Amino acid sequence: MTSFDYSSIKSNIIAHKVESYTYTYGTAGFRTKAELLDSVMYKVGILATLRSKKLGGATIGVMITASHNPEEDNGVKLVDPRGEMLEQSWEGYATSLANAKGGDALAEVVEEIVAANKIDTEAPAAVIYGYDTRPSCAELVKCLELGLEVSGAKATNFGLKTTPMLHYLVRCINTANTSDSYGEPTEEGYYKKLSEAFKTSVKGKSRLSPLTVDCANGVGAPKLREFLRYLPEDVLSVNIMNDDVTSLGKLNKDCGADYVKTQQRAPPGSKIAPGSRFCSYDGDADRIVYYFVDSNGTFRLLDGDKIAGLAAMFIMELVHDAGISSIKVGVVQTAYANGSSTNYLTKVLNVPVSCVSTGVKHLHHEAEKYDVGVYFEANGHGTVLFSPEALNTIKTTEAKTPAQKHAIDQLQALTELINQTVGDAISDMLLVETILTNRQWTCEEWNQAYTDLPNRLVKVVVKDRHIFKTTNAERQLVEPVGLQGEIDALVAKYANGRSFVRASGTEDAVRVYAEASTRAETDELASKVAQLVYDRAGGVGGRPLSS
Ligand code: G16
């Protein structure tokens with residue numbers, strides 16, 4: 001069926017479950033308890049079809065995942081034709097559709113979208129979709145499929161995928177048979193592209209000691225295992241842990257990138273010892289953090305900030321060695337970036353740094369403004385973007401010396417190795433492993449770039465997190481009125497103190513971030529700011545939680 005079936009849409013096949021619940025297309029799409037999402041999936045199916053029709057039948061992606069959230073949650077996000085997040089102007093449509101109660105209201109919103117975007121509802125539409133390992137995915141997929149059917153999309157189920165694989169597939173499909181072809185639109189094509197690029201970028205270098213990867217008991221586990229079939233053991237040696245995707249309740253539980261970043265410790269049961277190298281993915285394998293214990297047995301985190309610093313340093317040196325003066329590197333961070341990392345980037349690497357709001361979509365767009373834009377959130381979400389001009393320069397520059405040729409080849413391999421559609425734990429891991437292998441560095445040597453200021457992230461559950469409104473890339477609160485002044489007064493009491501508060505876009509909580517000169521002062525500042533938030537906004541469920 002290709003027609004747009006208004007009468008089915010009006011019959012409102014899947015009704016809004018809890019009348020009073022308001023959905024928001026947030027930091028990473030819709031995300032909440034899985035049992036509240038069936039009507040949302042149905043409507044997202046309709047929206048994805050409309051988006052494809054609007055864009056001349058270009059393939060749109062739908063990913064069903066709640067990433068780092070607990071197993072009982074689920075979520076959904078749309079992927080635009082070049083593999084990037086849904087254009088922001090359409091997020092409002094997503095929210096309106098999700099909150100339309102009853103068939104008439106739904107049809108009305110659909111008609112508004114159609115009219116505002118001059119969409120020919122009989123135009124062709126193509127949508128691909130994938131999902132993670134959550135037990136709720138099977139039911140939600142059915143709801144999505146109904147939405148795709150009533151709106152007349154040519155729908156293709158790509159099955160179990162990591163989020164970045166789905167982004168990759170969308171871009172490959174939309175660029176197939178063009179000069180801009182991104183790759184073979186299959187899972188195998190993804191594995192081949194990344195593994196070949198990795199082999200090139202570490203050629204002639206001794207293999208490092210084995211890397212242990214914590215896969216958060218999520219989709220990253222089977223996919224990494226599959227990927228490793230394309231890389232001989234003498235090129236990259238990997239031990240996989242937390243790979244149980246069948247037992248209930250294990251996804252992201254006391255493991256994964258979010259746990260390691262917020263708890264600042266290795267997952268229980270990891271046999272981490274001085275000299276070993278560990279990393280953790282999150283539940284849908286789009287984030288990664290590295291860590292190790294130093295010779296004193298102290299846990300050291302190499303988070304998204306450290307990865308950004310490492311990548312920027314390496315790429316800048318390659319660009320220099322390649323003799324290419326026209327390519328300028330820039331870095332994009334959020335307010336969660338550690339103050340020391342920003343200092344390192346601006347003062348040591350002398351690289352321009354922009355700060356934007358939380359959410360990959362914000363970082364991605366900012367990074368597109370640079371020739372090479374390195375973007376990472378401290379939580380390990382990020383990638384590197386090469387502008388079309390930079391890609392062309394790298395491709396066409398003729399080497400005058402063997403050293404220049406080596407640098408150009410390395411840059412070329414990086415453009416293939418890095419998933420430029422979105423942050424990708426497997427691809428980012430290969431990027432880090434490339435750099436460490438080329439340098440023959442340990443994590444300890446990588447960590448020497450700068451010392452993190454002690455920092456703390458605290459989660460506060462309040463009655464209504466939506467009353468928190470921010471400005472200045474989320475670094476200041478505008479509402480509740482007066483609260484920012486109270487936070488500033490507290491911060492002023494601490495050397496190198498910094499703290500900010502914002503509502504999470506993926507969890508029902510307010511996040512409080514603090515950093516200061518010492519661990520004790522940081523914890524004190526975080527707890528005092530969290531208490532302020534709790535008191536002002538009607539905290540729920542006892543005292544504020546340490547994330
Ligand atoms: C998502 C977003 C990230 C964001 C994170 C936390 O990550 O993609 O950009 O940093 O949520 O967002 P918030 O603080 O608004 O809850 P993931 O890995 O869960 O998709």
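Colleague: Which residues come nearest to the ligand?

Modeller: In this predicted model, 20 residues stand around the ligand, and Arg 31, His 68, Glu 377, Ser 504 and Thr 506 come nearest.

Colleague: How many residues of that shell are nonpolar, polar or charged?

Modeller: The shell divides into 10 polar, 8 charged and 2 nonpolar residues.

Colleague: What side-chain atoms lie by the oxygen atoms of the ligand?

Modeller: To read a polar contact, look for a pair of N or O atoms within 3.5 Å. Here His 68 has a polar side-chain atom 2.4 Å from a ligand oxygen. For Ser 67, a polar side-chain atom lies 2.7 Å from an oxygen atom of the ligand. Arg 502 has a side-chain N or O atom 2.7 Å from a ligand oxygen. On its own the ligand has 460 Å² of accessible area, and the protein covers 98% of that.

Colleague: What is the interface of domain 3 and domain 4 like in area?

Modeller: The size of an interface is often given as the accessible area lost when the parts come together. Domain 3 and domain 4 bury about 820 Å² between them, with 49% of it on carbon and sulfur atoms. On the side of domain 3 that touches domain 4, there are 5 nonpolar residues, 4 polar residues and no charged ones. Domain 3 gives 9 residues to the contact and domain 4 gives 11.

Definitions and conventions
Residues are numbered from 1 along each chain as its sequence is written. This is a predicted model: local features need pLDDT of at least 70, side-chain atom pairs count only at pLDDT 80 or more; totals for chains, interfaces and linings use all residues. Side-chain values use heavy atoms; hydrogens and water are left out. A residue is near a molecule or strand if one of its heavy atoms lies within 4 Å of it. A polar contact is a pair of N or O atoms within 3.5 Å; within protein, one must be able to donate a hydrogen and the other to accept it, and residues adjacent in sequence count only if both atoms are side-chain atoms. Accessible areas come from the Shrake-Rupley method with a 1.4 Å probe; for residues, only the protein chains shown count as cover. Ala, Val, Leu, Ile, Met, Phe, Trp, Tyr, Cys and Pro count as nonpolar, Asp, Glu, Lys and Arg as charged, and the others, Gly among them, as polar. Contact means heavy atoms within 4.5 Å. Buried area is the accessible area (1.4 Å probe) that two parts lose on being put together, summed over both.
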